Amino acid sequence: MSVDLQAKIDGAPFSPLQFGVAIACFFIAFVDGLDFQIIGFTAPLIAADLGIPHRELGWIFSAGLTGLTLGSFVFSPLGDYVGRRTILSASLILFGLLVFATPIADSTWSLIVIRFFTGIGIGGAMPNAVALMAEYSPQRHRGLAITITYIGFSVGAGAGGIVAAALIGSFGWQMVFFISGLVPVLYGLGIYLFLPESPHFLASRGASESARIAKLLDRIAVGIRHDPKAVYELPERSVKTGAASLFRDGRARNTLLLWSALFLNLLGVFALINWGPTLINRAGTDIGQAIEIIVWFWVGGIAGGLALVWLSRRFGPRRMLAFYLLAGSVCVGAIGLQGADGLYIFAMVTLAGAMSAGAQVGFYPVLADIYPAPIRVTGIGWAQGLGRMGSIAGPLTIGALVAIEWPFAGYFLLLGLPILLSGIVVLLLDYR
């Protein structure tokens, strides 16, 4: 007997199992964001302690982003081949160990090496978490579930500022990395032991996994017994795995446009979040307040991402994603116009986060819809990887401008431009 697996999931109420997977994926993204952003919050102190010139911080930031890009390319296809859960666990443990080891660095080059390999681990986590959440979600709740998962990254990144501010004064910047590294190691072990595998991945392996799928469906559609000998199929089972499939069956246009839009938005966003505390500190603001200002970027991103889900249902995902990016470019460009003090910069950073970071959240439901299950992790991961190339270029660009002492407002005016172009590219997507 043949059974449509997705129809079974779509027809069932949201179960305790699915709720548990949602919480697990949210916290995967949380520790991902926590460990990725912590270097930006601590960079001014690390530079002072190790005698690193501020112009060299761009290389340290971009090393992590380069590793993240490579991790997205390597770990994403593996998620489609060996399973979401295994790669999630390996990614969390790898980057947790390297974050924990960060305080042993004693020079620019040692920090570059550690951040590069940390990024490789981080790069494997998010695509697999998003794919796992998409595949446990009924179609009617998929956009919201993926958005909440990705918002975990923003919550974790913002929490990094709170952790840094709480620990630095009493224990030094080293303790921030010790604690932030230990958490994903322990969590990665828990993921491997307790998180169930994706039913879609199991279905892609054929009838040999029917019994495991039936047990999962028993927990999703509570009170209904499913045949352990049935063949559980997906409509897109015939889709070939591998990166080449991202360009087959009419997907080439959207693939290239999404890569371009992500590249441009991440160029602006990651230059801002990595350099923000340092730039604001250089403009005369206390480092504690500089960190607090950037935390509000992530607070805005959380609120903006949630609002984007509701607005997309009413006005369409492409239209609202483009609007967010266009509005975000204006807000980012306006950040430095009134200096680094006062309520103005808090307000503009928060609005910039709501629009540009909120828009970043909005890309992932689109990616999960465009790519079918056999290539979903590959599609999300490669889009993330190509996009992260923009996040590599952004910090290096600002680093070069720091070396020639650009005016404070000039950095933010420049960073608004790629976000503006990203919004224009999104309008060209063949997706409603």
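Is leucine 70 buried, partly exposed or exposed, and what is its relative accessible area?

1. Leucine 70 is partly exposed, with a relative accessible area of 37%. Here buried means under 20% relative accessible area, exposed means over 50%, and partly exposed lies in between, with a 1.4 Å probe and protein chains only. The model is predicted, so local features need pLDDT of at least 70 and side-chain atom pairs count only at pLDDT 80 or more, while totals for chains, interfaces and linings use all residues. Residues are numbered from 1 along each chain as its sequence is written, and side-chain values use heavy atoms, with hydrogens and water left out.

2. Leucine 70 belongs to helix H3, residues 57-82. Helices are DSSP runs (H or I, at least four residues), numbered from the N terminus. Apart from neighbours within four places in sequence, leucine 70 is in contact (heavy atoms within 4.5 Å) with Phe116 and Ile120. Glycine 123 is 53 residues from leucine 70 in sequence, yet their C-alpha atoms are 7.2 Å apart in space.

3. Helix H13 covers residues 343-370. Its 28 residues reach 41 Å from first C-alpha to last, close to the 40 Å expected at 1.5 Å a residue; the expected span is 1.5 Å times one less than the number of residues. A kink of about 25 degrees is centred on glycine 353, where the bend is the angle between axes fitted to the seven residues ending there and the seven starting there. Of the 28 residues of H13, 22 are buried, so the helix is largely enclosed by the rest of the structure.

4. The whole structure holds 2 cavities of 30 Å³ or more. A cavity is a set of points on a 1 Å grid over the protein atoms alone where a 1.4 Å probe fits but cannot get out, and lining residues have an atom within 4 Å of a point. Grid points are joined across faces, edges and corners, and a volume is the space filled by probe spheres set on the points.

5. The largest cavity has a volume of about 50 Å³. Its lining includes Tyr150, Trp298 and Gln360, and H6 (142-171), H10 (252-282) and H13 each supply at least two lining residues. The lining has 7 nonpolar, 2 polar and no charged residues. Nonpolar covers Ala, Val, Leu, Ile, Met, Phe, Trp, Tyr, Cys and Pro; charged covers Asp, Glu, Lys and Arg; the others, Gly among them, are polar.

6. The second largest cavity has a volume of about 30 Å³. H3, the helix of leucine 70, gives the most to this lining, with 4 residues. Arg115 and Asn274 are among the lining residues, which divide into 5 nonpolar, 2 polar and 1 charged.

Notes. On a 1 Å grid over the protein atoms alone, a cavity is a set of points where a 1.4 Å probe fits but cannot get out, and a pocket is an open set with protein on both sides within 12 Å along at least five of seven lines; lining residues have an atom within 4 Å of a point.
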